[in-house]
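Here is a short briefing to read alongside the model. It goes through the domains, then the salt bridges, then a sheet.

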Amino acid sequence: MRNVVILGGGYGGVNIVQNLIEEDLPEDVHITVIDRNPYHSIKTEFYTIAAGTSADKNVRMEFPEHDKVNYIYAEITKIDTENKQILFQDRSEPAAYDYLVIGLGCEDNYHGIEGAADYTESIQTFHGARHAGMAIGNLNAYGKATVVGAGLSGIEVAAEIRESRPDLNIRLLDRGKTVLKAFDRKIQNYVEDWFMKNDVEVLHEANVEYVEKDGVCNNGVCYVNDVTIWTAGVRPNYLVRELPYKKDEQDKIVINNFYQVPEDPHVYVVGDCAASEHSPSAQLARQQGEQIAEILYAVLKGEKPKEPGKLKLKGTLGSLGSSEGFGEMMSQSVVGYIPRLAKSGVLWLNKRH
């Protein structure tokens with residue numbers, strides 16, 4: 001048997017599986033998907049778990065079933081590329097592979113800031129988002145919550161917490177001169193105005209020096225705080241950073257035009273772990289997954305794969321609570337109810353798919 005092992009059941013990994021099982025795979029091919037959770041996590045909605053506005057069941061989906069696919073639910077401890085096997089924490093038998101797809105996603109980048117890893121909540125994993133949700137939900141009236149980082153994740157978390165807990169004192173620390181530096185001024189102004197109207201304090205040009213259990217120290221001022229949520233950058237999963245492959249300046253694995261590791265063409269990389277001209281996103285991982293599935297199918301059939309075409313991303317959508325949003329649609333910046341409705345529609349379509 002030829003074993004195709006997919007590490008991570010995220011957007012890229014699931015799309016690869018879905019597209020492969022729709023094809024007539026050779027009889028000697030078997031697919032193994034390895035994930036710590038027995039379900040696909042809808043990571044773009046983790047901010048709702050952290051804010052307590054959505055139930056767990058609403059942001060997870062069943063993995064696709066097929067007689068050529070099996071699943072291992074375990075914590076990976078090492079990707080042994082020399083012996084072509086995956087090692088686990090509580091499972092003695094390794095998983096051997098002939099072809100490997102790495103889609104383990106990302107983790108928080110604390111930038112070496114003292115106390116950040118120990119005293120902040122994360123929304124990068126389902127477990128982390130749940131823990132953050134418990135911390136926010138258990139706050140007493142008028143408790144203090146700080147979100148560090150004003151990119152897309154930080155904006156959605158802060159806005160959702162405001163909608164969930166109108167009583168809380170919420171502070172957003174933004175390293176730049178304006179929130180959402182990757183978006184145009186129309187969107188930035190709209191989001192800034194939304195926070196002002198909804199009594200969320202935004203501190204620009206923040207420079208977090210260290211984090212304590214009960215506070216955040218920024219630009220020489222220490223703010224007393226009950227819960228701190230970290231959304232100030234990500235980096236590839238530590239298992240990926242340990243691999244002996246060439247990386248870019250963000251520690252992502254450098255790949256060729258076929259998503260293969262040049263040093264080891266039997267290894268493919270998708271999503272947040274792969275070097276790319278595009279910023280990480282669920283949309284990017286899905287499209288990469290579709291292309292990798294086409295390439296892998298050709299390889300498994302003994303055919304020469306076609307070089308994939310250029311990715312065509314359709315823009316970005318963000319939420320400001322349940323009724324307002326922002327984003328880029330058809331190369332246009334849009335704000336208000338329409339982008340929020342569009343984001344809900346995209347989520348609904350993905351669940352049906």
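The protein chain is split into domain 1 (2–36 + 74–107 + 234–301) and domain 2 (110–232), with bounds that come from an automatic or database domain assignment. Between the centres of domain 1 and domain 2, taken over C-alpha atoms, lie 32 Å. Please keep in mind that this is a predicted model, where local features need pLDDT of at least 70, side-chain atom pairs count only at pLDDT 80 or more, and totals for chains, interfaces and linings use all residues. Residues are numbered from 1 along each chain as its sequence is written, and side-chain values use heavy atoms, with hydrogens and water left out.

**Salt bridges**

- The whole structure holds nine salt bridges, each defined as a side-chain nitrogen of Lys or Arg within 4 Å of a carboxyl oxygen of Asp or Glu.
- One of them joins the side chains of R36 and E75, at 2.8 Å from N to O.
- R36 sits in the loop between strand 2 (29–35) and strand 3 (40–41), and E75 in the loop between strand 5 (69–73) and strand 6 (76–80), so this pair ties together parts that are 39 residues apart in sequence. Helices (H or I, at least four residues) and strands (E, at least two) are DSSP runs, numbered from the N terminus.
- R36 is partly exposed at 45% relative accessibility, and E75 is partly exposed at 31%. On this scale, buried means under 20% relative accessible area, exposed over 50%, and partly exposed in between (1.4 Å probe, protein chains only).
- Another salt bridge pairs R241 with E107, with the closest N and O atoms 2.8 Å apart.
- R241 belongs to helix 7 (residues 238–241) and E107 to strand 10 (residues 106–108), which are distant parts of the chain, the two residues being 134 residues apart.
- R241 is partly exposed, with a relative accessible area of 24%.

**A buried pair and its network**

- K343 and E156 form a salt bridge through their side chains, at 2.5 Å from N to O.
- This pair links K343 in helix 9 (residues 337–352) with E156 in helix 5 (residues 152–164), 187 residues apart.
- K343 and E156 are both buried.
- A network of salt bridges links E45, E156 and K343.

- Four strands make an open sheet with parallel pairing, in the order 13-12-11-17; two strands pair if DSSP finds at least two bridges between them.
- Strand 13 (200–203) and strand 17 (227–230) are the edge strands, each pairing on one side only.
- Strand 11 (residues 144–148) and strand 12 (residues 169–173) run parallel and are joined by five bridges.
- V147 has L172 in strand 12 as its bridge partner.
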